[in-house]
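Thanks for coming, everyone. Please put the model up on the screen, and we will walk through it together.

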Amino acid sequence: MFVTDIRKEFYEVVANQRVALLVASDIDALCACKILQALFHCDQVQYTLVPVAGWQDLGTAFLEHKDQFKYFVLINCGANVDLLEMLQPDEDSIFFICDTHRPVDVVNVYNETQIKLLIKQDDDLGVPSYDEIFRDDEEEEEGGDSGNESEQSSEPSGKRRRFDEGAVERRIERQREKREWEARRREILFDYEQYEYHGTSAAMMFFELAWVSTKDTKDMLWWAVIGLTDQWVHDKVTHMKYVTDIATMQRHVSRHNHRNEDEDNSLSIDCMRISFEYDLRLTLYQHWSLYESIRNSCYTSCHFKLWTLNGQKKLQEFLADMGLPLKQVRQKFTSMDMSIKENLREAIEESSNKYGMKDIRIQTFGVHFGFKNRFLASDMVHATTALLENTEKDENETDNFIKALESLSRSNLERLHSGMDLAKKKLMAIQQTVASCICTNLILSQGPFLYCYLMEGTPDVKLFSKPMALTLLSKYLLKAFIQSTRNKRCRLLPLIMAAPKDVEKGTVLVVGIPPESETSDKKNFFGRAFEKAAESTSSRTLHDHFDTSIIELKTEDRSKFLDALITLLS
Amino acid sequence: MFCEKAVELIRELQRMNDGQLPAFNEDGVRQVLQEMEALYEHNQTDVNETKSEQRADLLPSIRLRHCCLLRNQRCVGAYLYDRLLRIRALRWEYGSVLPANVRFHMSAEELQWFARYKKSLASFMRSLGGGGGLDVTQDMKPPKSLYIQVRCVKDHGELEMDDGTLVLLKKNSQHFLPRWTCEHLIRQGVLEHVVS
């Protein structure tokens with residue numbers, strides 16, 4: 001059931017209890033976790049934090065902790081599957097689920113006792129009504145019973161036969177109704193569960209809880225902003241929703257900034273200041289050189305077509321048009337001349353309008369504490385994602401989770417900077433892979449979708465054995481492909497991308513993303529499609545990830561799986 | 001040279017400046033005591049000789065030996081006392097049960113002294129707090145909060161808390177627990193205090 005008053009029905013319930021937090025591995029979940037941890041520290045609620053990377057981890061964690069905890073809080077996992085069926089908990093376990101995955105499973109919505117959804121009821125849900133899906137079974141038992149009895153020819157009795165005449169007709173009528181109702185129900189459920197998409201950020205939900213309890217701080221606000229920006233960076237929500245949520249956050253930011261800061265009363269430079277920025281869409285540009293950032297950001301790279309020689313010439317023209325000398329542009333941003341930096345944003349916007357890039361600027365937030373530390377929300381998202389999916393050292397996922405969680409605190413700046421370095425490497429790897437895929441025509445049109453497979457020897461292919469990195473690569477690749485192809489029909493197709501995940505076990509990671517368009521609603525149907533294709537070909541797949549459009553598949557089963565998908569989707 | 005053995009004992013202690021307890025150097029102490037005995041014997045004979053034969057030229061050597069005896073006494077006294085201070089600090093750091101490797105380094109008398117110190121400390125703690133007893137060895141620094149956030153560094157299995165509930169300590173899980181339950185595990189190295 002949906003929780004209406006999050007403070008009364010969630011926070012005050014767990015305030016005197018011990019809670020288990022099961023947190024998924026994405027930045028929004030990490031930020032939500034940080035906010036909730038800060039609230040729990042404030043009120044001294046004892047908790048245990050367990051990172052979970054997929055359904056199997058969730059099951060194991062639940063089994064390990066179910067004897068010790070009664071209250072479980074699931075962050076960014078568990079809403080889109082029948083949780084009680086999967087975990088088989090005891091009667092008194094209560095689950096609080098704050099998840100951005102939609103559609104929310106109908107059993108989770110209509111269970112009154114054990115599942116409490118920390119989701120706003122009007123959050124773009126469209127849940128079918130109760131009567132359309134569930135039906136009281138009492139009438140059917142009677143009809144069923146008499147039906148059974150008459151079918152058992154071992155006990156026919158003359159009296160029964162006479163009474164059953166009218167009953168038989170009624171029974172036939174009921175059975176027909178039931179079949180119709182079931183057909184309708186299947187259709188409704190199919191429509192409801194067909195497309196997968198994302199709702200409001202979990203970090204924002206918990207920030208609202210903090211705000212309603214008047215325990216919100218600037219740190220929590222910043223985490224909420226990062227959680228929201230994660231949804232934008234990884235293309236999980238539509239632009240409209242992002243802008244609406246930014247407006248909500250902006251209200252909170254201005255409330256926090258209204259601290260009578262004037263000439264007499266100025267805050268120390270070390271205090272944290274969050275400000276609204278209408279800043280450039282160049283990834284990490286303040287911590288890199290402007291040139292590198294333009295070369296490696298998806299937006300600019302796709303518009304200039306930087307994988308072609310022509311595109312690189314255009315980039316030089318663009319820089320010359322703005323009057324930026326190459327020497328300045330290639331050095332670290334912090335060392336650029338002040339005169340250039342002052343009007344940089346407006347100058348770039350003007351020039352990019354000439355080159356067809358109308359939205360080079362995006363609404364976002366930046367934080368500023370101390371003399372050296374300025375970060376944009378998207379910088380933090382990229383850094384933390386790179387730490388979370390770090391493939392450089394052979395560390396297990398929980399170590400990476402903890403490092404990423406730590407990097408969100410203001411006191412762990414070296415970790416954040418190391419994350420930014422990793423993010424830069426990742427972006428450069430993505431750009432090179434995109435360039436090579438397009439130049440060597442690795443993207444094939446299979447009819448209803450586009451398909452690309454990264455061979456094992458591709459440089460940096462180890463980076464793409466992680467789901468978020470592979471998804472980011474696919475989105476960039478699709479955008480670049482749309483710019484480079486002349487085939488109009490291909491531009492409207494979705495993309496499926498596969499990359500080797502585990503060489504020893506011989507599996508690949510397969511990711512499906514919806515087609516790219518201006519008005520895309522980011523709804524992804526690949527989840528169900530993958531399930532059906534796997535079933536029909538009995539391929540060995542592992543649907544472990546919380547996003548159903550990301551699966552692991554045995555390399556040998558790749559071709560038959562693809563063929564099944566093609567037949568399914570055409 | 002006289003008194004060298006005694007100074008060596010002191011140097012041994014100084015090498016381990018951080019409060020660690022090296023093994024009890026029984027040989028060294030015995031050698032120093034033997035030297036003191038030898039010096040005393042010599043002095044005795046010389047004093048008797050001086051008294052009987054009125055020889056004034058033995059007085060400087062008697063005085064020298066006497067100074068050496070005093071020095072040896074001071075050194076051995078300092079050695080034993082410093083070790084006792086270190087053992088006392090161990091009680092405050094490790095609790096009433098010392099790890100086996102530390103106990104191995106202590107002599108029998110030191111162990112006895114430790115047992116008596118423990119008893120004395122325990123009766124003192126019992127007398128505090130209006131007869132209820134107060135464990136003063138906890139919270140050596142004033143704690144900032146009742147609960148602390150800890151991360152589990154190695155698998156430890158289940159931990160039972162004061163109210164009987166269990167917490168599963170698995171590697172890399174993070175917990176927010178009362179300070180008093182975690183402190184000894186932090187000292188053992190199973191949990192790590194997370195400061196954010």
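What is the order of the strands in the open sheet of six strands in chain A? It runs β11-β12-β13-β14-β16-β15, with mixed pairing. Now some ground rules. This is a predicted model, where local features need pLDDT of at least 70, side-chain atom pairs count only at pLDDT 80 or more, and totals for chains, interfaces and linings use all residues. Residues are numbered from 1 along each chain as its sequence is written, chains are lettered from A and ligands numbered from 1 in the order in which they are written, and side-chain values use heavy atoms, with hydrogens and water left out.

A few terms next. Strands (E, at least two residues) and helices (H or I, at least four) are DSSP runs, numbered from the N terminus. Two strands pair if DSSP finds at least two bridges between them.

β11 (444–445) and β15 (541–542) of chain A stand at the edges. Each has a single partner strand, so one side of each is left without a neighbour in the sheet. Now look at β13 (residues 495–502) and β14 (residues 507–513) of chain A. They run antiparallel, joined by seven bridges. D502(A) has T507(A) in β14(A) as its bridge partner.

Contact means heavy atoms within 4.5 Å.

Here is a hairpin, also in chain A. Strands β9 (residues 361–369) and β10 (residues 373–376) of chain A pair in the antiparallel sense over four bridges. F369(A) stands opposite N373(A) in β10(A). Three residues sit between the two strands, and G370(A) in the turn has a positive phi of about 75 degrees.

Now the sheet that takes strands from both chains. Which strands make up the open sheet of eight? The order is β6(A)-β4(A)-β3(A)-β1(A)-β2(A)-β4(B)-β1(B)-β5(B), with mixed pairing. At the edges stand β6 (115–117) of chain A and β5 of chain B, each with a single partner strand, so one side of each is left without a neighbour in the sheet. The twist averages 25 degrees from one strand to the next. β4(A) and β6(A) pair in the parallel sense over three bridges. There, F95(A) stands opposite I115(A) in β6(A). Helix α1(A) packs on the sheet, touching β1 (19–23), β3 and β4 of chain A. Helix α19 (residues 397–407) of chain A packs on it too, touching β1 and β2 (47–51) of chain A together with β1 and β4 of chain B.

Step over to chain B. Is strand β1 (residues 147–152) of chain B mostly covered or mostly open? Mostly covered: six of its six residues are buried. Buried means under 20% relative accessible area, with exposed over 50% and partly exposed in between, using a 1.4 Å probe and protein chains only. Y147(B), Q149(B) and R151(B) point one way, and I148(B), V150(B) and C152(B) the other. In a regular strand the side chains alternate between the two faces of the sheet. β1(B) runs antiparallel to β4 (residues 174–178) of chain B, with five bridges. It also runs antiparallel to β5 (residues 191–193) of chain B, with three bridges.

Chain B as a whole has six helices and five strands. Its radius of gyration, taken over C-alpha atoms, is 26 Å, well over the 16 Å that the globule rule (2.2 Å times the number of residues to the power 0.38) gives for 196 residues, so it is more spread out than a compact globule. Of those 196 residues, 34% count as buried.

Last stop, helix α9 (residues 202–212) of chain A. Eight of its eleven residues are buried. Among them are M204(A), F206(A) and L209(A). The cover includes α1 (6–14), α2 (27–43) and β3 (71–75) of chain A.

How values were computed
Axes are lines fitted to C-alpha atoms, for helices over the stretch in contact, and angles run from 0 to 180 degrees between N-to-C directions.
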